[in-house]
Amino acid sequence: MNKLTGAILATLLTTTVALADPVDDNLVLNEETQIVTRTAAPAHLSDVLDEVMSGWLFRGTETRAMQADDFDNPGMIFVEQAMETWDAVDGTEGKSCSSCHNDIDSMAGVKPTYPKWDAKAGTVQTLQMQVNECRTERMGAEAWDYDKGAAINMEAALSSVSRGMPVNVAIDGPAQSTWEQGKEMYYTRTGQLELSCANCHEDNYGMMIRADHLSQGQINGFPAYRLKNTKLNGAHDRFKGCIRDTRAETYSPGSAEFIALELYVASRGNGLSVEGPSIRN
C-alpha cells in the first residue's frame, strides 16, 4: 500500500476493532431455513482469506432480526410484486413466465449458479440477462432496464426461492477469461482516492469506515434492501456506487465490465448461502 492510499485509509478507518468485529450469530429464516453466513474460503481465495462471511454478520442487531423474518423484511414487498408479474401475460406471444416454468418454486437452484457461461449467447450472462432473453425471445416482450423496477424485483423473487442453497458459481472453462477480467478489476486501484475493492473488503473488513461497518463485500445477499435508500439494490448498482466513491468514472449496470466483476465477486462467496433479498445499511 503506497503512502497516499495509506493516508486516505487512515482518515476513513477507525482502529477500534473490538467494536467492529463481525458478530457471532446464526441466521435462520422464518425459524426453519438455516443460512450459512460463514464458511471456509473457496480454493481460489486460499492465499488471501481463510473464511468467507456474509454481510449479515456485519450488521446491527435490529437489521439482522429484520432479515430473519419475512414479515419484517421490507424486501419481500418487492418479491410479492414479482410473483404477480410471474403469472402476468406480456408480449406478442401471449405468454407469462409461468407459461414455461410453472410455479416460481421450480426455479429453486437457479440463482446460486449465476453469473454463468451461456453457450448459445457465447458469453457470460447474469440472471437478469437471462430473464430478459426469455422476455424478448420467448415472450415477445420488451427487455427490462438493468437493476431497476421489474428486473430487480424478479431477481429478488428468483433469489428468494433459493435461499439456504450454497452459491456455486463456475469459474473454469469458457467463463475463465471473464472471471480473470473481474479479478483484475477487483484488485486495481481506481479514482482520485486510489482504492480498489480489495483495499476495503479484503484488507480492512471488520473495521469502521466513517459511520458504517466494512464487510467482505460478499453479494450472496443481493438483491439487497438498503435502509439508506429504502429500495432493492442490485449488485451492479452497488458496484457503481463503490467506484463512484473512489472518485472515478464508473460503468453502467449491465455493462461487460460489471458482468465480469459480478462473476468474480460472486465466486468469492462460493459456499455461502443465497440470502436475497437481504437487508443492509
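Modeller: The lining of the second largest cavity has, by class, five nonpolar, one polar and one charged residues. In this classification Ala, Val, Leu, Ile, Met, Phe, Trp, Tyr, Cys and Pro count as nonpolar, Asp, Glu, Lys and Arg as charged, and the others, Gly among them, as polar. The model is a predicted one, in which local features need pLDDT of at least 70 and side-chain atom pairs count only at pLDDT 80 or more, while totals for chains, interfaces and linings use all residues. Residues are numbered from 1 along each chain as its sequence is written, and side-chain values use heavy atoms, with hydrogens and water left out.

The lining consists of Leu127, Gln128, Val131, Trp144, Ala151, Met154 and Glu155. A cavity is a set of points, on a 1 Å grid over the protein atoms alone, where a 1.4 Å probe fits but cannot get out; lining residues have an atom within 4 Å of a point. The volume of the second largest cavity is about 40 Å³, where volume means the space filled by probe spheres set on the points, and grid points are joined across faces, edges and corners.

Helix 5 and helix 6 are the elements that give two or more residues to this lining. Helices (H or I, at least four residues) are DSSP runs, numbered from the N terminus. The axes of helix 5 (residues 127-139) and helix 6 (residues 149-160) come within 10 Å and cross at roughly 110°. Helix 5 is therefore roughly perpendicular to helix 6, a description used for angles of 65 to 115 degrees. Axes are lines fitted to C-alpha atoms, for helices over the stretch in contact, and angles run from 0 to 180 degrees between N-to-C directions.

On the side of helix 5, the contact is made by Leu127, Gln128 and Val131; helix 6 contributes Ala151, Ile152, Met154, Glu155 and Leu158. Contact here means heavy atoms within 4.5 Å. By class, this contact has six nonpolar, one polar and one charged residues.

Of the 23 residues that line the largest cavity, Lys111, Tyr114, Ile219, Glu262 and Ala266 are the closest to its centre. Helix 5, helix 9 and helix 10 each give two or more residues to that lining, and helix 10 gives the most, with three residues.

Key: Parallel < 35°, antiparallel > 145°, perpendicular 65-115°, else oblique. 1 Å grid on protein atoms, 1.4 Å probe; cavity = no way out; pocket = protein on both sides within 12 Å on 5 of 7 lines; lining within 4 Å.
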